[in-house]
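Please keep the sequence and the structure in view while reading.

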Amino acid sequence: MTTSFAHDRRTAQIAAAARDFTAQVIDEGSGTTLIVGTPQSVPDVWVDYLDGARNSYAKHGVEMALDYDDVIRGECTTLFYAALDTTGTVIGGVRAKGPYSAAHESHALLEWAGQPGLEMVSHAIDSRLEDGVVEMKTAWAANGPTAAAVAGMLARVALPTMTLTGARYIMATAADHVLRRWESSGGRVAEDIPASPYPDARYQTSLMWWDRQRIAADAKPKVLAHMVQDTRILASGATQNVWSSTSGLAA
């Protein structure tokens, strides 16, 4: 299934990648800077982000799930977020794929391959394509004193990503206990889809959706306010301090 929406969004993606698009917000409490850009606009940060992801995945013995050699080229990434500490070191991040034109473009189909929920995952994506589906992948945060602040910032990227890509839906796959932490930002686990033992039997991976038309109702009010502020800054390309993560607004 190829939609006119997906075609138009892909055209927009090419235009976005061609310009030097970057924007950032700074968390006052931790001093962490969250940058959004493309692999083309901030290539050094992109490589540092993926190298950090590879190291993080390796510590858990799941580096095969990253597909590093393929992802590093940047061709399948529309935009990405990287968290930097006060020294400029990348300490976390996440990337976005899409909007998709067909369900098979989603990595989730590989994650549910041979599992009872595969057709349900495929249908869930297919039924949303016309309104735009973007998938968040390769999320990680380094251990340390800023880990909570970084996790909170990454949990709030759904609304900025919707705004920057024009998509109505954001999807993510991860262990259920990880996804539950993101519910405060409006994400909802697809409870009807059986979890998949991916990347191996130690894990139970679930699917989560954010819906732009429901995010105001589904997100906690304080987290929503923080997301709206982040979105205004990131979508405008401005740099501005936002509320401190110690204010209770972090996801």
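In this predicted model, Arg 168 and Asp 211 form a salt bridge whose closest N and O atoms are 2.8 Å apart. Arg 168 sits in the loop between helix H7 (158-165) and strand S6 (169-175), while Asp 211 belongs to strand S8 (residues 205-211), so the pair ties together parts that are 43 residues apart in sequence. Both partners, Arg 168 and Asp 211, are buried.

**Overall make-up**

- The secondary structure of the protein consists of ten helices and nine strands, and of its 251 residues 52% count as buried.
- When contacts between residues at least 6 apart in sequence are considered, 72% of them join residues at least 24 apart.

**Other salt bridges**

- The structure holds eleven salt bridges, including the pair Arg 168 and Asp 211 described above.
- Asp 51 forms a salt bridge with Arg 54, with 3.5 Å between the closest N and O atoms; because the two are three residues apart in helix H2 (residues 43-59), about one helical turn separates them.
- Asp 51 counts as partly exposed at 23% relative accessibility, and Arg 54 also falls in the partly exposed class, with a value of 35%.
- Arg 180 and Glu 183 form a further salt bridge, in which the closest N and O atoms are 2.6 Å apart.
- Arg 180 is partly exposed with a relative accessible area of 32%, and Glu 183 is likewise partly exposed, at 23%.

**Helix H7 and its packing against H10**

- Six of the eight residues of H7 are buried, so this helix is largely enclosed by the rest of the structure; the buried residues are Ala 158, Leu 159, Pro 160, Thr 161, Met 162 and Thr 165.
- The axes of H7 and helix H10 (residues 221-236) come within 8 Å of each other and cross at roughly 35°, and the crossing of H7 past H10 is right-handed.
- On the H7 side of this contact are Leu 159, Pro 160, Thr 163 and Leu 164, which meet Met 227, Val 228, Thr 231, Leu 234 and Ala 235 of H10.
- By residue class, the contact of H7 with H10 is made up of seven nonpolar residues and two polar ones, with no charged residue taking part.
- Just after H7, the backbone at Gly 166 takes a positive phi of about 80°.

**Confidence of the prediction**

- The mean pLDDT of the protein is 85, and 86% of its residues reach 70 or more.
- Where pLDDT is low, the predicted coordinates should not be read in detail.

Note on methods. Residues are numbered from 1 along each chain as its sequence is written. This is a predicted model: local features need pLDDT of at least 70, side-chain atom pairs count only at pLDDT 80 or more; totals for chains, interfaces and linings use all residues. Side-chain values use heavy atoms; hydrogens and water are left out. A salt bridge is a side-chain nitrogen of Lys or Arg within 4 Å of a carboxyl oxygen of Asp or Glu. Helices (H or I, at least four residues) and strands (E, at least two) are DSSP runs, numbered from the N terminus. Buried means under 20% relative accessible area, exposed over 50%, partly exposed in between (1.4 Å probe, protein chains only). Axes are lines fitted to C-alpha atoms, for helices over the stretch in contact, and angles run from 0 to 180 degrees between N-to-C directions. A crossing is left-handed if the near helix is turned anticlockwise from the far one by less than a right angle, and right-handed if clockwise. Contact means heavy atoms within 4.5 Å. Ala, Val, Leu, Ile, Met, Phe, Trp, Tyr, Cys and Pro count as nonpolar, Asp, Glu, Lys and Arg as charged, and the others, Gly among them, as polar. pLDDT is the predictor's confidence in each residue, from 0 to 100.
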